[in-house]
Amino acid sequence: MFHLLDIIGTMAFAMSGALTAMHKRLDPFGVFIIAFVTAVGGGTLRDVLIGRTPVGWMLNLQYVYVIILGFFLAILFRKKFDKLRTSLFLFDTIGLGVFTLIGLEKGIMIGLHPVICVALGTMTACFGGVLRDILCNEIPTVFRREIYATICIFGGVVFFILRKWNLADDALYLVTSVVIISVRLLAVKYKWHLPAFDHK
Amino acid sequence: MFHLLDIIGTMAFAMSGALTAMHKRLDPFGVFIIAFVTAVGGGTLRDVLIGRTPVGWMLNLQYVYVIILGFFLAILFRKKFDKLRTSLFLFDTIGLGVFTLIGLEKGIMIGLHPVICVALGTMTACFGGVLRDILCNEIPTVFRREIYATICIFGGVVFFILRKWNLADDALYLVTSVVIISVRLLAVKYKWHLPAFDHK
Amino acid sequence: MFHLLDIIGTMAFAMSGALTAMHKRLDPFGVFIIAFVTAVGGGTLRDVLIGRTPVGWMLNLQYVYVIILGFFLAILFRKKFDKLRTSLFLFDTIGLGVFTLIGLEKGIMIGLHPVICVALGTMTACFGGVLRDILCNEIPTVFRREIYATICIFGGVVFFILRKWNLADDALYLVTSVVIISVRLLAVKYKWHLPAFDHK
């Protein structure tokens, strides 16, 4: 189940990268690379920073296959994308939840402090999108629109509070991901966002 | 003493990141991330390149706390920033000196060649600012204005010359950081800079 | 022979970085850094991702010296560059072939899957140029013009097909690099490129 969600999240991130890159009129190779980087970028940064090398996707080809599939789906359905926007958004939100959990878990496994684990979870979920935007030469949207990364941090905090209550692992994962996914859906529905600073 | 300067440097770098990000009208989360990345980016790159993982700030929460403090100070005092510019510049210069020394030291500890150690020192001092500018979608100022990184290289060379003379470690650190800090102050006061190339 | 080509490739990449940076009117330090990053960026990313640290150029100063030489050559001959364009292009193409092979080799050495080895080869050959463009604040040209990275992938596939036929290592390297170099020359001569997607 968890693994299936990981696959869905990876594919959704790959598709979101591919669609952004096609919008920038990159060639197919550029589109593929950006799909790839969007999907694995977060996990790669996390693995490099904690010294878990060779990084994850090098040891498990499944990710590569899923990204290739996402790439072709994005190309095939790019013109129908307006109708697909909702499902892609849903996938992306599932990816956000699952990737946060995976990041939290890796941090716990090597005994890092909860604050650092939350940072690892957020990084795993968000850094792919940051790379996508840097490569397409834009200010990363994660820094500007809606409360994307803030939700991952919130989810991570919820995770550690529940963990203190000795919740079983399965329930812990389920509740945390449901929290992240619901808050994101609510945030987008009701247009929650953080105010920008007035600098003057 | 050395440790205190490290703290001051980290906070100054965090504040410089936060102020740049607020200027770009990012939301509070974006501002925090850019403060964080500016403060730890140099050390993180250094640690990753030499294989010292998990990277430094993951094992010592002090950095996280100092950055959070710098973030709030930057927000609170952002409107009075013109008066603060001088003190921030002073902090930033101290950070430059201390971070260069820390980078040099890590390189020496694992037996790298002096040239590489100087590169590590410069990287530790400057890469946070480079990341800040990339994330804010600008050509890194380190490549364009005043002789910022060049001072770190100069400081590193002074360090190794003094080291050959068998100076005690404490004196070595003191002299090197005083050199870096003074050259920077002079460089800004007298507007020293490297000429750009005329390409035509 | 192989080593000599590595040196030539490194120098060509350093010169290409330096020329791009001078064109952007960076100061000499900025130009040097971009030359350095263009030349070693690909190998550094590869080494970090597979956990081969300290990364290659830290353990072998030859790269540093070659890059310094390339930097000065680029400065000296920048005004005659129009006449030099052809030779630089040739060097760059040799670099592309050699760097792809080096990446492939490192992947094989630690037992990674051929698909991942091809990715490592492509990354080694292309990521320096990507970094150069990001630091100069442009959409990486590798994603837009001619079939640059695609050639590395093609070369990597040829390599593994020949390897299955039990070709001797020397012949294998020779044929693969000749294939990469010839395809690139043909691709530029006949303006082969991948079509961009029409997003509408």
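I start with the record. For "transmembrane region", UniProt lists, in an unreviewed entry, residues 6-22, 29-45, 57-76, 88-104, 110-135, 147-165 and 171-190 of chain A. UniProt positions are given in the numbering used here, feature names are shortened, and annotations may be inferred rather than shown by experiment.

Before going on, the ground rules. This is a predicted model, where local features need pLDDT of at least 70, side-chain atom pairs count only at pLDDT 80 or more, and totals for chains, interfaces and linings use all residues. Residues are numbered from 1 along each chain as its sequence is written, chains are lettered from A and ligands numbered from 1 in the order in which they are written, and side-chain values use heavy atoms, with hydrogens and water left out.

Now two of those spans. Residues 6-22 of chain A are 100% helix and 0% strand, with end C-alpha atoms 24 Å apart. Residues 29-45 of chain A are also 100% helix and 0% strand, and there the end C-alpha atoms are 22 Å apart. Helices here are DSSP runs of H or I with at least four residues, strands are runs of E with at least two, and both are numbered from the N terminus.

The unreviewed UniProt entry also carries the annotation "domain: Glycine transporter", covering residues 4-78 and 90-163 of chain A. Over residues 4-78, chain A is 83% helix and 0% strand, and the end C-alpha atoms are 24 Å apart.

Next, how do helix 7 and helix 8 of chain A pack? Helix 7 (residues 148-164) and helix 8 (residues 169-189) of chain A meet at an angle of about 150°, their axes 9 Å apart. Axes are lines fitted to C-alpha atoms, for helices over the stretch in contact, and angles run from 0 to 180 degrees between N-to-C directions. Helix 7 of chain A is therefore roughly antiparallel to helix 8 of chain A. The cut-offs: under 35 degrees is roughly parallel, over 145 roughly antiparallel, 65 to 115 roughly perpendicular, and the rest oblique. Residues making the contact (heavy atoms within 4.5 Å) include A:Y148 and A:F159 of helix 7 of chain A and A:V179 and A:R184 of helix 8 of chain A.

Helix 7 of chain A has another partner. The axes of helix 6 (residues 114-135) and helix 7 of chain A come within 9 Å and cross at roughly 140°, so the two are oblique to each other. On the helix 6 side of chain A, the contact residues include A:P114 and A:C117, and on the helix 7 side A:Y148 and A:G156 are among them.

Over to chain C. Beyond neighbours within four places in sequence, C:D92 is in contact with C:A12, C:F13, C:Y148 and C:R184. C:Y148 is also one of the buried residues of helix 7 of chain C, along with C:G155 and C:F160, among others.

Last, chain B. B:L69 sits in helix 4 (residues 62-76) of chain B and is partly exposed, with a relative accessible area of 45%. B:L69 and B:I108 are 39 residues apart in sequence and 32 Å apart in space, C-alpha to C-alpha.

Key:
Buried < 20%, exposed > 50% of the residue type's maximum accessible area, 1.4 Å probe, protein only.
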